[in-house]
Each structure stands twice: as structure tokens, then as C-alpha cells.
Amino acid sequence: MTATDGNELQRKPAGQRRVVLHPRTASARRLDRSRIDGGHVRGYTTNTDEVLEYMRAQRRLALATFLPVIGCIFALLITTIVWDGLGTMQLGRVNVLWLVLGPVTLFSILGVTVAHERRALRLEEKWMDDRR
Amino acid sequence: MIPTIAVLSVVAMTLALGTLGLRFARTTSNFFVASRSVHPVWNAFAVSGEAMSAASYLGIPALILVFGVDLLWALVGWTIGFLMLSLFMAAPVRRFGSYTIPEFVEGRLEAPKLRPVVALMVILASWFFLLAQLKGAGVVVRELIGTPYWVGVVAVGLMVAVNLSSGGMRGITFVQGFQFFFIFLGILVPFVVVSVLWFQGDQDAIVTTDFPAFVESTTVTYDRGVTFDLPNSSTVDAVGAIDGRAVDGSLRLSAGRHVVGAETIITWPAGTAVPFADGVQRLNGDDWAAPLGEKDLSGGHPLYFTIASLIANAFGIMGMPHIVVRFYTNPTGREARRTSLWFMAMIVPYYVMLPLLGAFARVAGPDLFGTGAVDGATLTVGRLFDGISGELITAVVSAGAAAAFLSTSSGLLIAMAGAVSHDILSAGVPQFRRAVWAGALVSIGTGLLVESININSLIGWSSSIAASSICPLLVLGIWWPGFTRKGALATVVVGGGLSTLASVITMFGFVSGGWAVAILGTPALWTVPLAFATGIGVSMRDTDVVLDIGHKFALMHLPERRDGAVIEPERP
């Protein structure tokens, strides 16, 4: 980055003035001229802002699925730490903790995956509908 | 005899289908991504074949046999990893259109110099994982046929190399799909049969809550020299060497430690409490069934182990090259999503049934505590049944084990060969074939040296490396436009470098116990957050942003056209 003295700029004739940008600003302006703008990607005409907005929507959806799952898993972990009796509790001669950490947790994660994929596909459909 | 025939059948089928693949595999696209034409359901079979590895099939029951319920967290971690793979990666990595992970990183960040660095991480993570598969092969072949350990390692290494150099990804997809059925049957059949016993009310014959003991008079061959701790004195018949003296006949062993020479055979009377080899912890039934406690996980820190293995397994799956590259073989990103769904529906029942084999082994294979060969726990379930039915169950389980290490070894070797030939040498099919053979020979050589290393230790190191280097690169690269080249390099150097260093220090035994073993043996707990934080921090301070970010994100995220026209993105 080149340091620029404001007084020096004022002394120069208008034709010799150079606008010095912070590299972030320069990059941002270059990004606006992305190849996607006004062009075609995978059959769609779109621009960078639309693409990033769509990406953020998918990201929000993924995080809205992921974070509650992680929260439940850590709640379960803390429960196993603080609840001494859980390890020896039985249901029909089957250890309850084995049931919880086995079929209950794993099939719940499978259910969450199915639900997420359906919502993600709906989001894709909506995006395509908006561009008809 | 029947189990041996079953294993040989799986091997013959693998070679036959692999050779068939030669007829279809001609182009670079065939070899690396099966021409991106694999149906999502068949691809889910193949992904399942890869994911149901010797690490899970043999390793998890082995650890459950010794440590009990805590190892269920490892399965929870893997399942979360597959969920995250579905949420964050399946569709975008396919849509971007690369052949390999390093190529993706180069294309996304426009960083050709970063490509060989990422390739190195791919090779390291795959190599540790492949060693675990070869170790599994050595154990299974030794248990079934009685050959030395090296026979299984060499045979499987060579077989996988022959198959891959013939048919590449296209051929191996076909093979892995079939292998999935063997693996799944290997778990399903004993589960169903033992469940019948359970509901008939014969629970005591299946699981025990006492210290394990020999149910009947049992002859045990100690292939390797071992030191064990005998809880009670016992009169045994022995041939070989015990406590440095040659023995041949009946003798009384006092309670306490004894050193048994290699190839010694001891016949234990019924009711004897089983001895425990050095390194195998002795837990009573309640301690075994309950979580945490005084278990010798991560140097006596079971809570650290639980959290660290959750993180390593979940984030490691997202960075495992042999799993991620399978999604490149789908025709579209939408099909990649369908593959991930089908795959989850296949792997979850497998993970639900798998731990039971470890629980059954406490009754079926108590001799493993004394020999220290707990990696063979899965294969003992057939001993719960007499005669031909026991043999048949052992045959099904053994065939599943063979399919597990063959299938996963293929995927790992293809990831390694792809990284060498495509990302480091920038070459085509002939170099891919050479890279397959080079990778196989190096892995066989090193596989012979890891006989004494636990399968799950090798998997833990591999997962930590993948979770701390490849995973953050992919997640940040796919979902954060601000991720830069310097950020990516810092991620690999800090995350990948530290996790590799910690793994090597542990592998060569430079740490012996306590917190050092915990922190360095399962480093993912601190290397994964550090890698993500480094990548984000360096990128935020970096002024050199990646150009044309809109185009790259469009390639990764925009859905395919509804009219079915598949428009391949330009190759990055």
C-alpha cells in the first residue's frame, strides 16, 4: 500500500492524480467484475451477489441442522458424566446407555440427515423457480 | 476350512470383477472419477464398502471387548462426520468438477504451489489408514489359516494393486459395491442369530457382567511372546516356554505375572479367570458397561479420549480422501446428495449392530485378553455355536472382514496414487498405474512393521491428520469467500504439521503415559480448532484475496439445470 499525502494530491493538476485504494477495496471492486456477472454458469444468468446470497442461505440451513445436533450430543455427554446410575440402568436386561448411544442417537442422526436434504433440495428448487 | 473357503471366495470375486473393470477403464476420467457416471444407489454401496473398513469391522469390537461402552462414542463421531459430509460437502465438491482434493484446493484458491502440499497431507492421512487395513488383513489371515502375519499383509497389498492398476476408479466402484454386501452380511447374520438366542432367554450364554473366564476347557496358542497377569492360580497343560523355562506337560501357575514364549500352547481348565496381557486392562462387568471411570483410555483420561475421538472421527471423515473422492463419481451435485442419503441409511444399521460383536467376544473369545490379540474379537462370535453352524457363522464374518479390508484398501490406494500421479507429477494413466504399485509396495513394507500397533491407534492418527488439515481446507474453501491462499497454507502447516508431529512422536513411543499420551496420541481435540482458527485468522489479515470468487462459488453451489442437461464446469 502506498502512503498518500493529501496536500501533495491537491497540488497536482487533475490529469496527474491517482486514486490509491486499500487492497481490500481494490479486490472488492475487481470481484464485482467477476466472470459470472452478465455471463452464464451452468445455464443460469446471474451475478456474484445472487450467488453469494444463495450460498449463505444454504449455509444457514446447514448450520441450523448441525448446531442443534452438536448441542444434543454434548448434552448427552454431560449427562453421562454427571448421572452415575445411567451406566448400570437396564431395560429388559439391555443397558440403557448402550441403547441411547446406539440405536436412539444413530437413527436420530439419520432422520436429521433426511430432513436436511429435503430442505436443501427445496431451496435449490426455489432458486431455480426464481430464475425461470 | 469353511471360513477359509469363504475368504478365498471374496478374494477370487474381487480379482475377477477387478479384471472385468479393465475392459471399461481407458481414459483418465475413467481412472480417477469413473467418468462421473455412477448411479447414486450403487455409489452409496461403494461408499459404504469404503467406510465399513477394517477399522470399524475389527477395531471397534476389539476396543469394546476391552473398554466397553465408551467406544460407542467413536461410532457417534463417525455418524456425525457423515452427517457433516452430507451437509457441507457432498454436492459442492462434486459440482466444482475436480478429480482430487488437491486439485480442488488449487482451483478454488488459484494456488498451484499449494497443490503438492495438500497432496502430501492426502498421502499421509491415507497411508496411516491403509496401514490399519493391512494390519487387519494380517490378523484375519493369521487367525483363519494360521499363516504368519506378513502373508496377509503382502497378499492383500498386491491384490489391491493388481485391481487398481487394471480398472482404476471405474473398476473398483463395481468391486466395492459387491464387497459392501459381504461386509453387511458379516454383521447382520451373527446379529440375527444371536438375537434369536437372546429372545429364547439364553442371555447368559451371550454376554457376561462378571470378570471374563474360560467357559470350557480351552487350548490357546500364544503366537507371539507375551507377559500376562493371572488373577488366580491354575493347573494347566502347557507345551513351550513359561517364565524362561521349557515346559511340556501339566504344571501349576501361581497367581501373578508370567512370561510366555512365542508358539507356546496352554490348555486352560474350565472356570479359570482369564489372564490379561500387558497393555490390556482388566475391568469387571459393571466398570466395563459403565462410561468413563478408571479406564486406561488416552493414558488414563477417558473423558479426554471420548471428546477427542468424537472430534477426530467427525472432522476426520470430512477430510478422508478415499471417502470424499467417491462423491466426484456422481453425475451431478444433486445425485451426490442422494448418494449421501442412501449411504447414511446403509451405515447406521451397520453401526448399531457392530458393537454387539465386541460384547459377545467377552464370552466367545476370552483367550484374546491373554494373548493380547484383541483385534480378532469380531471373528470369535462363531464360537458361541457348536458344530457346522458355528463354522458357517465364522465363515460369513470372515468373508465380511476380508471384504472390509480389501474394499477400503482399494479406496485409500486410489487416493494416494491420484495424489502422486495427478497432483505431484501432473501425469496421466501410465503414471497412475506406477503410482499405485509404488504406493502398494511402500505400504506393504511399512505394514509389516506395525504388527504390534493397535488398529485404532493408526486410524486415530490418520483421522487427526485429515481432520486438522484437509477438512478445514474444504469447509472454509466451500463456505467462506474470504478464505485465502495464505490462510490455506497456514491451516495445512499448523493443523497438518502439528497433528503429524504428534502422531509420529506417539508412534515411535517417545511418550509413555499420562497426559502426554492423551494430548499427543489423540491430538484432534486441540489441532482441529487450532487449524480452523489459524485459517480464519490469517485469511482475515491477508489482503491478497482470491479473484473471481463469484464464478467459483457459482460452480460449487448452483444447482444443475432442471431440464436434465448436465453442463460440466470448466476444469479449474
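Helix α3 of chain A (residues 48-82) packs against α21(B) at an angle of about 45°, and their axes are 9 Å apart. Here axes are lines fitted to C-alpha atoms, for helices over the stretch in contact, and angles run from 0 to 180 degrees between N-to-C directions. Helices (H or I, at least four residues) and strands (E, at least two) are DSSP runs, numbered from the N terminus. The angle makes α3(A) oblique to α21(B); angles under 35 degrees count as roughly parallel, over 145 as roughly antiparallel, 65 to 115 as roughly perpendicular and the rest as oblique. The crossing of α3(A) past α21(B) is left-handed, a label used if the near helix is turned anticlockwise from the far one by less than a right angle, with right-handed used if clockwise.

This is a predicted model, in which local features need pLDDT of at least 70 and side-chain atom pairs count only at pLDDT 80 or more, while totals for chains, interfaces and linings use all residues. Residues are numbered from 1 along each chain as its sequence is written, and chains are lettered from A and ligands numbered from 1 in the order in which they are written. The predictor gives the complex an ipTM of 0.87 and a pTM of 0.87. Chain B has a mean pLDDT (the predictor's confidence in each residue, from 0 to 100) of 85, with 94% of its residues at 70 or more.

Back at the crossing, α3(A) brings A:Thr48, A:Val51, A:Leu52, A:Tyr54, A:Met55 and A:Gln58 to meet B:Gly550, B:Phe553, B:Ala554 and B:His557 of α21(B). Two residues are in contact if their C-beta atoms, placed from the backbone, lie within 7 Å. By class, the contact of α3(A) with α21(B) has 6 nonpolar, 4 polar and no charged residues; Ala, Val, Leu, Ile, Met, Phe, Trp, Tyr, Cys and Pro count as nonpolar, Asp, Glu, Lys and Arg as charged, and the others, Gly among them, as polar. As for α21(B), it is mostly covered, with 9 of its 9 residues buried. A residue is buried if 20 or more other C-beta atoms lie within 10 Å of its own, exposed if 12 or fewer, and partly exposed in between, with C-beta atoms placed from the backbone.

Zooming out, the contact between the chains takes 54 residues from chain A and 48 residues from chain B. On the chain B side, α5 (72-88), α10 (285-289), α11 (302-319), α13 and α21 (549-557) each give two or more residues. The largest share of that side, 11 residues, comes from α5(B). Its classes come to 34 nonpolar, 8 polar and 6 charged residues.

Chain A has 4 helices and 4 strands, in the order α-α-β-β-α-β-β-α along the sequence. Of its 132 residues, 22% count as buried.

Within chain B, helix α13 (residues 333-364) packs with helix α4 (residues 54-67) at an angle of about 45°, their axes 8 Å apart. The two are therefore oblique to each other, and the crossing of α4(B) and α13(B) is right-handed. The residues of this contact divide into 10 nonpolar, 2 polar and 1 charged. Also in helix α13 of chain B is B:Arg338, which is buried, with 20 other C-beta atoms within 10 Å. The C-alpha atom of B:Arg338 is 9.3 Å from that of B:Ala90, though the two residues are 248 residues apart along the chain.
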